[in-house]
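Please read these notes with the model open beside you. Find each residue as it comes up.

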Amino acid sequence: MVAVGEGHGTRARRTVLTAALLAATAVAALTAGCTRHGPPDGGRTPDRTAAPPASSAAPAGSVLAVKIDNVSAARPQTGLDAADVVYAEQVEGGLSRLMAVYATKLPRTVGPVRSARESDLELLRQFHEPTLAFSGAQRGLLPLIDRAPLHAESPDEAARAYYRAGDRHAPHNLYLRPARLLPSAPGRPALTTGFLRGPAPSGGSPASARTVRYPAARFTFTWSARRHGWLVAMDGTPTVTAGGGRVAPATVVVQYVRIRSSAYHDVLGNRTPYTETVGTGRAEVLRDGRSFAATWSRPAAPDGTAFTGPDGEPVNFADGQVWVVFAPRS
């Protein structure tokens, strides 16, 4: 199979971000409760009455990355099964959030959309000028997003691409129409993650299930021979799409990384975790009902991530969706 090469992020000229804040939305997020519904988005929130400003067009070959809410009030999510890669990261309060990356197809709708984090900028450097869809960000983080080599498309920049669903409460009801950000899916070459697709490596050990835990969240992946994929469950509940289908990626990667405190915090003062995805460390690759020990390596932010086995040979991923869960290393 063809290897997907490394990406080289380039500095893109950014549109000036609007600094509008809606205090009422922040208050509503606070009253929703941090413990059960996750931390409220800090900083900027969408101005639903303002006319949408002009937005720079995404370049050809640009992937779409969407920050997706992952607390119980946000489930079932929409469009998650159409993503080529789904990253799971730890956020405030030990909860989890997802980043879905789209290259081979664009679903009609994705969501609920939530806020960006500092470590997202490092993770996205592996793609060429990606388009990042997110609900907002902590105020101090906005200048970093503005300078990052990506196309930041929150509702402030692309109001027409977003809408609020009437059957859910804010902040778990913001949805994206991807076709209003990208004219078409850029295709597989845009997935400059460093992942290799091909036959399974030799060795490994049989695996029927694997669970990854955060302080206040957990992911369980159970092998299904019928689906030839890993059935996802989050916090003990089967992960289904809004249409009722089970999410079952062909490959699951448990990538052990350093998770430290960032310089930013939510509106309650909780420090945001920073997930370090540049460096090297231990990993576990799950495919075809087996577990393969691996070492991950990403020397610099513009590079993709390579996975090699104990013999030094690359660990191929199966064709199909990939989930990467960033697990705290010991």
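The numbered points below go from the whole chain to single residues.

1. Ground rules. This is a predicted model, in which local features need pLDDT of at least 70, side-chain atom pairs count only at pLDDT 80 or more, and totals for chains, interfaces and linings use all residues. Residues are numbered from 1 along each chain as its sequence is written, and side-chain values use heavy atoms, with hydrogens and water left out.

2. The chain overall. The chain holds four helices and 19 strands. Both are DSSP runs numbered from the N terminus: helices are H or I with at least four residues, strands are E with at least two. Of the 330 residues, 55% are buried. Buried means under 20% relative accessible area, exposed over 50%, and partly exposed in between (1.4 Å probe, protein chains only).

3. Contacts along the chain. Take the contacts between residues at least 6 apart in sequence: 68% of them join residues at least 24 apart. A contact means heavy atoms within 4.5 Å.

4. The core. Which residues have the most contacts inside the largest nonpolar core? They are Val66, Tyr87, Tyr102, Leu176, Phe219 and Trp323, in a core of 76 residues. Strand β19 (residues 322-328) gives the largest share of this core, six residues. A nonpolar core is a set of buried Ala, Val, Leu, Ile, Met, Phe, Trp, Tyr and Cys residues joined through side-chain atoms within 4.5 Å. In soluble globular proteins, nonpolar side chains tend to be buried together.

5. A stacked pair. The chain has nine aromatic pairs. Rings of Phe, Tyr and Trp (its six-membered ring) pair if their centres lie within 6.5 Å; planes under 30 degrees apart count as stacked, over 60 as edge-to-face and the rest as tilted. Tyr87 and Phe326 are stacked, at 5.7 Å centre to centre and 5 degrees between the planes. Tyr87 lies in strand β2 (residues 85-90) and Phe326 in strand β19, so the pair ties together parts 239 residues apart in sequence. Tyr87 counts as buried at 3% relative accessibility, and Phe326 counts as buried at 3%.

6. A tilted pair. The ring centres of Phe195 and Phe317 are 4.9 Å apart with planes at 45 degrees, so this pair is tilted. Phe195 lies in the loop between β7 (174-176) and β8 (205-206), and Phe317 in the loop between β18 (306-308) and β19, so the pair ties together parts 122 residues apart in sequence. Phe195 is buried at 4% relative accessibility. Phe317 is buried at 0%.

7. Phe219 and its cluster. Tyr214, Phe219, Phe221 and Trp323 form one aromatic cluster. Leaving out residues up to four places away in sequence, Phe219 touches a list of residues including Asn70, Leu98, Tyr214, Met234 and Trp323.

8. Val252. Where is Val252 found? Val252 is in strand β13 (residues 251-257). Val252 is buried, with a relative accessible area of 0%. The C-alpha atoms of Val252 and Val324 are 6.0 Å apart, although the residues are 72 apart along the chain. Setting aside neighbours within four places, Val252 contacts Phe221, Trp230, Glu284, Val285, Leu286 and Trp323.

9. An open sheet. Four strands run in the order β9-β10-β11-β12, with antiparallel pairing. Two strands pair if DSSP finds at least two bridges between them. The edge strands, β9 (209-214) and β12 (237-238), each pair on one side only. β9 and β10 (residues 217-224) pair over six bridges.
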